[in-house]
Structure formats: structure tokens, C-alpha cells
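Q: I'm new to this one, so could you take a close look at the charged side chains for me? I'd like to know who pairs with whom, and what surrounds them.

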Amino acid sequence: MHTQVVQERMLISDQWQHGQQSIEVIDPGTNHVIATVPAATEADAKAAIEAAKEGAEIARQMPIHERAAILKRTAEIVTRDRELFAQTIAKEGSKTIREARSEVRRCIETLTLSGEEAKRLHGETIPFSQMPGHERRVGYFYRFPIGIIVAITPFNDPLNLVAHKIGPAIAAGNSLIIKPSSFTPLSALRLVKALEEAGLPKKIVQVITGHGSVIGPTLTKHRDVRLISFTGGYETGEKIARSAGVKKLAMELGSNSPTIVLQDAELMEAVASCVSGAFCAAGQNCIGVQRIYVEQSVFNSFIQSFVAQTKQLRLGDKQSEETDIGPMISEKEAKRIERWVEEAKEEGARVLTGGRRTGAYFEPTVLTNVSPSSRLAKEEAFAPIVIIEGVHSLTEAVARANDVDFGLQAGLFTNNLTAAFSAIEKLEVGGIMVNDSSDVRIDAMPFGGIKKSGLGREGVRYAIEEMTEQKVVAFHLPEHKI
Ligand code: NAD
């Protein structure tokens, strides 16, 4: 059967427009072209920034109740069209239909929360008289919109990570240019159409599709852009930071998250949670479990149950309700991880299950005895791969967990409070989940990493802080007493 390829457009200024050239959007599960989007040029990027200047002025003047109402209506439209959104995610990306539905639910929460947080854009009073000579000053600060934001997003959560930029940006009164991943631009386009339907004035949000290497530098270098809100890999983040120069950067980057399982843990709960955390979205998840350190006395039982549960996972057609794991985002990525596994094996690793590739599909794979210096142990795999190693103590587990350049989230399974507090203090990460794997996030919590995992925090309220500036006001009162 021949399906029609839809030619999608991008939104620059107040016009949905085609480009001179286009990019094919490919379903990685079938290799079929499902749509094309414009390949924007540098001139398109400049035009978007010009329109965003007007957009910033319109957004700044929009009363907060209107910002909140538009975000609420957008959440209602996404709720009405939730199955269409889920189908879009499941077609253009790696996620199975069940995973896609769960992302749509999260997007609705993110938008709803953004509308609520718009009403809590608080400042603070400042007690000036604490400093001698300032007895007659009263002051406060309030938050004002930062201006033009460029949001650059990755392929793996093509809807909710875009909502994490759009929601707070509108709540804070800014204009926004979104540059979605060229692998998965369709969910972002659909979300921007929902914003339009909800009544968002033109030019506040634009969406420009194209190759990051072509339009990225124009968008990120421009002096009128005040914040770059980036979610993606470290290497891209570094390029953006170099090109951006002195401007605000919010960076949500990669990781290879650890989870520690101590001997007193509820072992079966730890196994189930780690299997899900390692393999959801085919392991292409920034807080996905990549490294598990298990105390020696329970190592064999943990491994046995973990491998048995991994073997139950069904790899296959994303559209099927039965499927647990879809393909990786491309065959190229699947071949990369195949090479990494081969390298690890040459260095002495043992594959306990999985390890084989068919096209873009890679089996859920469990390895042990992976050399600590191997790429699989040091770098971000971003694939359905997990390594499990035995450790003699919490101290050793923490040392191994920290022995990488990343630090996004970690998990810890224990019933020992002293051990938990010790790990909380020593683990070098932005978030610790006790009695859960590293793969836990709600959209209202501060989310972000240290080391090479990023700068700043997302999570609606915290993104709003990044997307606003503080203005201090002080009144010097006259001498006479009231
Ligand atoms: P990527 O870095 O390859 O691409 C991200 C975005 O950057 C895409 O839109 C891409 O087109 C754009 N881009 C590429 N080159 C650019 C340039 N020179 N200038 C401007 N933009 C450019 O990442 P990806 O493969 O799409 O996503 C996977 C990565 O994202 C992983 O490292 C993952 O951990 C990370 N991620 C982090 C979080 C988080 O919240 N910390 C969440 C999801 C994904």
C-alpha cells in the first residue's frame, strides 16, 4: 500500500511556509518516509529572529491571566487530540504506542502546570536596613521576561521536551523559536498548531525545522537572542556554548545513569524497576539506567531475575499494543551500539542476554564484567543496554557511580537510612531516587545535572526562573517620619 507523504510546513513570523529544500522524516521501524519538513536556511533563521522581536513585545504585554488561559486551552486541545499526538510520536520516533501515550499525558501535565505557574511569578522584598547607611530604603525584586528564547530539542521525547520549553516561556511572557530534532519534528509542529488554535497571538512562538549544523549557529550566535534552552547531547551543547558567546544558557545534556542495589533492598522491586528504567524508549532516555552496581551477596539472584525479566520483553512493531521495545532512532545508531558491544566483549565483557541487531532494532542487552575504562562504562550508550557489576560495599558502589564525566540522576535501593543519607551526600548527580531506579521524573520537580550533564534546571517553575530576569527596585524614603 502506498501512503501519501505529507509535506509539512514550518511557522516563521505569522506564516506557515515551505522551504526551498526539504528533509524526509523516516519511521525508523519501517524505513518509510512519512512526511517531509522544510530544510530551513540561515535567512529563515534570521527572519524568525526578526519576528521574535515583535513577538517578545506582544508576549511581554500579555496579562498573566491570558497566558494562563492559553496554556490551559492548549492542554485541553492536546487532551482532545491525544491519540493523534500519540500516533505522531510513535510514527516519527522510537517509542511504542504505549510509551507515546504516556508522553502525551506528561505533555498535558506540563502545559497545565505552566498555566498554573504563570500565576506564581513572585519576587521578594529585600530588607535594605540590614546594611548601615540604608535605613531609609525599602526595596524588592520582581521577575520580568528575558526576551527572545531559542529552544533546541532532541529526538527522544519529541513532544514533552518541547512542551517543557513552550509552557514556561509563555508563562514567563517571552517569545520562543523552537528548533526541533530533524529526526522527529512532527510532534512539535502539531503542538504549535494546538497553541494557535488555543489563541496564542502570532509571532510569540515560531517553529523552524532544519539541520542544526545549518541554522544552529545563526540562531545561537544572534545578539538579540537572550537565552538558549538546549536539550541534547554534550558535544552539540559544547558547540552551542562556543557559538553563543556571552548569553544565558540552559543545558539539559546526556548521562549514563547509575543505580545501586544494596543487600538489604527489596530485590524483586529493584529488578523490576531497573529493567523498566534500562529499556524504556529502547534505552534512549537521558535518565535511563545504564550502570547497575549490586552488592556481592545478592548479585547472583539479582542477575538471574534481571536476565529472566529482560528476556520477557517483546521487541517489534511500535504500533502494536503488545510491544515493549521499538527500534532505535536509526540504523546508524544501532550499528554504533553494536560496535560498542563488540569492543566491550574484546575487553572481556560477557553478554548475558541480547546483543544482536536487525536494522534499527537492537535487542535489550545485559552485560557484566565490562572494563571500567570501556566506552560502555564511561560514555552515554543511549541504547537498550545495561551493565551490571558486583561491588563489595556502598563506598565502592558510590566511587564507581561517580567515576564518569556525567551526573544527571542516580537510583539507590536500600532500607538502611544511614546508607541512604551517606549516598545522597556523596553521589555526584542532580537527583537521587531512593528505592527507585534513576528513571524517575515528574514535570514539576527541578530536573538537571552536574558535570557534563548540564547547566541549570528544568521543571516548569525552575525553567521559568531561567526564563526571567530579576529587577531590583529600591525607594529612598524622605527623612520625615510618617
Ligand atoms: P543531539 O545533540 O544530536 O541533537 C539535539 C538537537 O540539537 C537537535 O535538534 C539537533 O538538530 C540540534 N543541533 C545539532 N547540531 C547543532 C548545532 N551545531 N547548533 C544548534 N543545534 C544543533 O541530540 P539527540 O541525539 O537528538 O538527543 C539525544 C541526546 O539528548 C542524549 O545525549 C540525551 O541524553 C540528551 N537528552 C537530555 C535530556 C535531559 O533533560 N538532560 C533529555 C532528553 C535527551
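## Charged side chains, up close

A: Let's start with Glu338, which is partly exposed, with a relative accessible area of 26%. Keep in mind that this is a predicted model. Arg357 is partly exposed as well, at 22% relative accessibility. The side chains of these two, Glu338 and Arg357, meet in a salt bridge, at 2.8 Å from N to O. Glu338 sits in helix H11 (residues 331–346) and Arg357 in strand E16 (residues 357–358), so this pair ties together parts that are 19 residues apart in sequence.

Stay on helix H11 for another pair. The side chain of Glu343 forms a salt bridge with that of Arg375, with 2.7 Å from N to O. Glu343 belongs to H11 while Arg375 is in helix H12 (residues 375–378), so here the parts being tied together are 32 residues apart in sequence. Glu343 is partly exposed at 26% relative accessible area, and Arg375 is partly exposed at 31%.

Now hop over to Lys95. The side chain of Lys95 meets that of Asp157 in a salt bridge, at 2.4 Å from N to O. Lys95 lies in the loop between H3 and H4, and Asp157 in the loop between strand E8 (148–152) and helix H5 (160–172), so the pair links parts that are 62 residues apart in sequence. With a relative accessibility of 9%, Lys95 counts as buried. Asp157 counts as buried too, at 19%.

Glu99 is buried but has no salt bridge, and the nearest side chain of opposite charge, Lys95, is 6.5 Å away. What does a polar atom of the Glu99 side chain have 2.8 Å away? That would be the backbone nitrogen of Ala281. Leaving out residues up to four places away in sequence, Glu99 touches Cys280, Ala281 and Asp324.

Asp324 brings us to a group: together with Arg98, Arg314 and Glu322, Asp324 is linked in a network of salt bridges. Across the whole structure, a search finds 33 salt bridges.

Finally, a peek at helix H3 (residues 82–92), whose buried residues are Phe85, Ala86, Thr88, Ile89, Ala90 and Glu92. Those buried residues pack against strand E4 (22–26), strand E5 (33–38), helix H2 (64–80), H4 and helix H6 (186–197).

Notes:
Residues numbered from 1 in each chain as written. Predicted model: local features only at pLDDT ≥ 70, side-chain atom pairs only at ≥ 80, totals over all residues. Heavy atoms only, no water. Buried < 20%, exposed > 50% of the residue type's maximum accessible area, 1.4 Å probe, protein only. Lys, Arg positive; Asp, Glu negative; His and termini not counted. Salt bridge = Lys/Arg side-chain N within 4 Å of Asp/Glu carboxyl O. Polar contact = N/O pair within 3.5 Å; in protein donor to acceptor, adjacent residues only side chain to side chain. Contact = heavy atoms within 4.5 Å. Helix = DSSP H or I, 4+ residues; strand = E, 2+ residues; numbered from the N terminus.
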